[in-house]
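Okay, thanks everyone for coming.

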Amino acid sequence: MSNDPATTNRHGSAVITLPSDTEYLVTRVFDAPAELVFKAYTTPELVKRWWGFETSEWLVCDIDLRVGGEWRFVVQERDMEVGFHGEYREIERPHRLVSTEAYEGIPDPDANAALNILTLDERDGVTTMTVLVQMPSQEARDEVLASGMEGGMQVSYNRLEDLVAGGLG
Amino acid sequence: MARTATTTDVFNAVAEASRRHIVDALGDGEATVGELVDRLQISQPQASKHLAVLKAVGVVLSRVDGRHRWYRLNGPALKPIHDWVRTFERTWNTRLDRLDDLLAELQHEEEQS
């Protein structure tokens, strides 16, 4: 394990911004080559080691990594099965992966699936990852909004934090 | 689906694009209705209507100075939204910190072999 302080300092550094009414964007930097991050995202044995929660028991972890191929993750969380699945739409290893993501816990998951656009930009062995999640429609957005997960602020999180902290009174 | 009125819920109050533009604009400092109309290219009645909604949920405050009414942002009223983003961000951080640890382990394994 590297003892480079940069490595240990990256924990908790993912940033969420909300670029539009129907999207959110996750940004995170890793001290690893893009190829390795891509591999960790698309290899079942590796996905099982990070994707769920510490307490997740894996039931299904299927990845058919080709355009039109499907993926499905199901984990057991206490007495509840939590499942997601989708289809790969674009694969440009190791820099870009576009896939759908349907949450199986809602009615008609596929009609309400999100589109996830993963990009990996490597500079000198350090990779900046972005995941842009596009919700499918105003209606789906409203479902999310009604459940208390507002997705509509254009003010970026960082800006919002300044506003809240500063009070701007 | 039951929705709370725009005038009682900060989430719904800022769920409208024009009102978010006003929030963004007021983030730069106090402004009059006229300044917001100029900057955002909306009509005065629209601007006044949106400001009224934002005032009703406390996101915007106003004061009168001579002939002008100045509007400003009340940051703490946005806290529920801020808190939601933070909660969501924490969930992602938990997952990505695990990925971070895994990548470190994999690189360590590669160095060993």
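So, leaving out residues up to four places away in sequence, A:Arg72 touches A:Val60, A:Asp62, A:Gly83 and A:His85. Contact here means that two C-beta atoms, placed from the backbone, lie within 7 Å. You'll find A:Arg72 in strand E4 of chain A, residues 70–77. Helices (H or I, at least four residues) and strands (E, at least two) are DSSP runs, numbered from the N terminus. A:Arg72 counts as partly exposed because it has 16 C-beta neighbours inside 10 Å. The cut-offs: 20 or more other C-beta atoms within 10 Å is buried, 12 or fewer is exposed, and partly exposed is in between. And A:Gly86, 14 residues away in sequence, sits 6.6 Å from A:Arg72, C-alpha to C-alpha.

Quick housekeeping. Residues count from 1 along each chain as its sequence is written, and chains are lettered from A and ligands numbered from 1 in the order in which they are written. It's a predicted model, so local features need pLDDT of at least 70 and side-chain atom pairs count only at pLDDT 80 or more, while totals for chains, interfaces and linings use all residues.

How far can we trust chain A? pLDDT, the predictor's confidence in each residue from 0 to 100, averages 79 over chain A, with 76% of the residues at 70 or above. Over residues 145–169 of chain A, pLDDT stays under 50, and the model has 65 contacts beyond four places in sequence for them.

Next, A:Val26, in strand E2 of chain A, residues 23–30. Buried or exposed, with 21 C-beta neighbours inside 10 Å? A:Val26 counts as buried. A:Val131 is 105 residues along the chain from A:Val26, yet their C-alpha atoms are separated by 5.0 Å. Among the residues A:Val26 touches, beyond four places in sequence, are A:Ile16, A:Thr130 and B:Trp92.

That takes us to chain B. Three of its strands form an open antiparallel sheet, in the order E1-E3-E2. Strands pair if DSSP finds at least two bridges between them. E1 and E2 of chain B are the edge strands, each pairing on one side only. E1(B), residues 31–32, has two bridges to E3(B), residues 68–73, and B:Ala31 partners B:Tyr71. E2(B), residues 60–65, has six bridges to E3(B), with B:Leu61 partnering B:Arg72. Two residues lie between the strands of the E2(B)–E3(B) hairpin, where B:Gly66 takes a positive phi near 65°.

Last, a helix pair. The axes of H2(B), residues 17–26, and H4(B), residues 44–56, come within 10 Å and cross at roughly 80°, so H2(B) is roughly perpendicular to H4(B). Axes are lines fitted to C-alpha atoms, for helices over the stretch in contact, with angles from 0 to 180 degrees between N-to-C directions; roughly perpendicular is 65 to 115, under 35 is roughly parallel, over 145 roughly antiparallel, and the rest oblique. On the H2(B) side, the contact is made by B:Ser18, B:Arg19 and B:Ile22.
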